[in-house]
Amino acid sequence: MKIAAIGDNCIDVYERLGRKYPTGNVVDTGVNIQKLGIPVSIISTTGSDENGIWMMETLKKEGLDISHLKTAEGQTAVTYMDMDGKDRVHGDYVEGVLEHIVFDEEDIRFAAEHNLVHTALWGKAEGTLEKIKARNPDCAISFDYADRMDHELVEQTLPYVDFGFYSYHGNADGTIRTFLKDKVDRGMKLAVATFGEKGSLAYDGNAFISGGIYPAEVVNTVGAGDSFIAGFLYELMQGSPVEKCLDTGAKVASRVVAVFQPW
């Protein structure tokens, strides 16, 4: 059993607080899955600067397979962050080498050797999904759409995504239930929505399953969604029922929001 995370990597910099750390949607999800016990490969491109070296060293130390984490000449992507109480605030984003990131045929071949491939909305890997499925129809694909439920990639990637994750700014109301059911009716195996402190909801084609939360002393909400997905996918790969997937996702997320960094 092994998982590939394909997409973005960057450094979050809190200038006012004098803090920074390596991150990125697929990096955060991948590291949290690795910590749970499933081997993870990172497929991405980082910069040739000190931040890129730091990214490489950090992921290697965490035990991830970085054989397909390339280095391009230039700056590693940086997101400038701040805090509004316990909640993170995204500021300027410097795309760096990710502006011209390319996932080549070797990356696609390598990704297709895994049991599951995870990516996210800003990972620029949506063009690989059809090719990965063509190489290995049994390779499951997971996609984090964040809170962009009306983004064009929601429809464009639907034919290739098995497990879709959405962050919904509301309750488990009729709107989100209709939305999740539509995605499964049109091809997904599971569609999952998270509601922050209000829990989560999944639809598996037969029923809606609700998930709760674990109380936490919140330090920084960064990484909450990625860590939830990590816990969910870990249980899913073990063959656990959806109820346990939601529960472990909530448990891992509660641990992450209790520390400053996303894992």
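Reply: Before we start, buried means under 20% relative accessible area, exposed means over 50%, and partly exposed is in between, with a 1.4 Å probe and protein chains only. By that cut-off T58, at 15% relative accessibility, counts as buried. This is a predicted model, where local features need pLDDT of at least 70 and side-chain atom pairs count only at pLDDT 80 or more, while totals for chains, interfaces and linings use all residues. Residues are numbered from 1 along each chain as its sequence is written, and side-chain values use heavy atoms, with hydrogens and water left out.

Me: Where does T58 lie, and what does T58 touch?

Reply: T58 lies in helix 2, residues 50-61, where helices are DSSP runs of H or I with at least four residues, strands are runs of E with at least two, and both are numbered from the N terminus. Leaving aside residues up to four places away in sequence, T58 touches P22 and W263, contact being heavy atoms within 4.5 Å.

Me: How far is T58 from G199?

Reply: Their C-alpha atoms are separated by 31 Å, with T58 and G199 141 residues apart along the chain.

Me: OK, and K183, is that buried or exposed?

Reply: K183 counts as buried because its relative accessibility is 4%. K183 lies in helix 6, residues 174-185, and, not counting residues up to four places away in sequence, K183 touches V154, E155, L158, Y166, M188 and A191.

Me: Switching to the helix pair, how do helix 7 and helix 8 pack?

Reply: Helix 7 (residues 224-237) and helix 8 (residues 242-256) pack at an angle of about 145°, and their axes are 7 Å apart. The axes are lines fitted to C-alpha atoms, for helices over the stretch in contact, and angles run from 0 to 180 degrees between N-to-C directions.

Me: Which residues make that contact?

Reply: From helix 7 the contact is made by A224, S227, F228, G231, F232, E235 and L236, and from helix 8 by V242, K244, C245, L246, T248, G249, A250, V252, A253 and V256. The residues of this contact divide into 11 nonpolar, four polar and two charged, where Ala, Val, Leu, Ile, Met, Phe, Trp, Tyr, Cys and Pro count as nonpolar, Asp, Glu, Lys and Arg as charged, and the others, Gly among them, as polar.

Me: How many residues of helix 7 are buried?

Reply: Helix 7 is mostly covered, with 11 of its 14 residues buried, and F228, F232 and L236 are among them. After helix 7 comes G239, which has a positive phi near 85°.
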